[in-house]
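Subject: Handing over the two-chain structure

Hello,

Here is the structure we talked about. Please open it and keep it beside this email while you read.

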Amino acid sequence: MKIRFLIPLAVFLVMTAFLAIGLKLDPREVPSPLIGKEAPKFSLTDVMDASKAMSTYDLKGDAVLVNVWASWCVSCRQEHPILLDLAKRGEVTIYGINYKDTREEAQKWLRSYGNPYHSSAFDPNGHTGIDWGVYGVPETFVLDKQGVIRHKHTGPLTQAVIEDELLPIIRKLRGEP
Amino acid sequence: MRIMLLLIIGSLVAPLLGAVEVREFDDLEKQTRYEHLLKEVRCLVCQNQSLGDSDAELAKDLRDEIYSMIQSGQSEEEAISFLTDRYGDFVLYRPPFKSVTWLLWVGPVLFILAGGSIAFWPKRDKQRQANPKELTDEERLELDRLKRRID
């Protein structure tokens, strides 16, 4: 048996391996250039109270989650019970950015489904969303004590994402100065 | 029948009309800058469409941002870096040559070289067939023996 006849088989196996990896990749997962950088500044108002200001300054001091959501977003509804559960456990403070929504709809949404957020910044025209590189709600950012973005999850959260991805990072960030 | 035909044509043309809004510029040069830019940038929501073609909500917002940047006299580079600062090099159809993108740029050349070297590799078997003088000692002995048998 000549070894040359094995070359097509080897090429085929290598191609299969690459294609198999390619199938598993999610093209929607675009690496964010903001990781390791300070969270883009905003100064907006609290979605529940138009007279209450909310800015990036409020996010500093502890490792926190920032969840970008909207009342029109179907997947946000899907991840909502998981956020509520996480908020109830009290392990981490969750902030929200209410993206391209109306105040009325957003408040109604939080009232009927529950509010897991310490507070949500109201971003009706989506400028803050663009500054944060948001391209598909829901998106969740992990910020460290200095307000630097350390991790980003695109798409709805699941229990597994919380346990295996987000909480370990938050615990690690808590240990940092 | 004619109405049917009109409806079909209408339904084919309608999405083309709806996708991109009309922009007015105070300067023709700005308009070309804007239109060129939109072809160079990928929409993040519909990744197979350029920012100029996409009907996604985010694409519209980004077009608004770019329009106001260009209209206020900013360069194409400034608009590009506005986008890449937020969304990364992924949005560019022609990403810069970097440590993570070198394979993307060099890959095709490597494939041509690999393919070429396989195609033009000296073919040992055929050369031997074309050149019967190249017999091993054993083969020559065998040939002599066979020749003697014929005689």
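Is B:E142 buried, partly exposed or exposed? B:E142 counts as partly exposed, because its relative accessibility is 36%.

First, some ground rules. This is a predicted model, in which local features need pLDDT of at least 70 and side-chain atom pairs count only at pLDDT 80 or more, while totals for chains, interfaces and linings use all residues. Residues are numbered from 1 along each chain as its sequence is written, chains are lettered from A and ligands numbered from 1 in the order in which they are written, and side-chain values use heavy atoms, with hydrogens and water left out.

**Salt bridges within the chains**

Side chains of opposite charge can pair when their charged atoms come close. A salt bridge here is a side-chain nitrogen of Lys or Arg within 4 Å of a carboxyl oxygen of Asp or Glu. Over all chains, the structure holds 22 salt bridges.

B:E142 takes part in one of them, with B:R145. Their closest N and O atoms are 3.1 Å apart. Both residues lie in helix α7 (residues 137–150) of chain B, 3 residues apart, about one turn of the helix. Helices (H or I, at least four residues) and strands (E, at least two) are DSSP runs, numbered from the N terminus. B:R145 is also partly exposed, at 38% relative accessibility.

A:E105 is partly exposed, at 34%.

Now look at A:E91 and A:R171. They form a salt bridge with closest N and O atoms 2.9 Å apart. A:E91 lies in the loop between α2 (74–89) and β4 (93–99) of chain A, and A:R171 lies in helix α5 (residues 159–175), so the pair ties together parts that are 80 residues apart in sequence. A:E91 is partly exposed at 25%. A:R171 is partly exposed at 43%. Both belong to a network of salt bridges that also links A:R89 and A:E163.

**Where the chains meet**

In all, 16 residues of chain B are in contact (heavy atoms within 4.5 Å) with 17 residues of chain A. The buried area is about 1,300 Å², and carbon and sulfur atoms give 51% of it. Buried area is the accessible area (1.4 Å probe) that two parts lose on being put together, summed over both.

There are 3 salt bridges between the chains. One of them joins A:K100 to B:D61, with the closest N and O atoms 2.5 Å apart. On the side of chain B that touches chain A, the elements giving two or more residues are α3 (57–71) and α4 (76–87) of chain B.

**Cysteines**

The count is 1 disulfide over all chains (a pair of cysteine sulfur atoms within 2.5 Å). The disulfide joins A:C73 to A:C76, S to S 2.2 Å. The link is right-handed, with 90 degrees about the S-S bond. Both A:C73 and A:C76 are buried.

B:C43 is in no disulfide; its nearest cysteine sulfur, that of B:C46, is 4.6 Å away. B:C43 is buried at 1%, whereas B:C46 is partly exposed at 29%.

Best wishes

Terms used
Buried means under 20% relative accessible area, exposed over 50%, partly exposed in between (1.4 Å probe, protein chains only).
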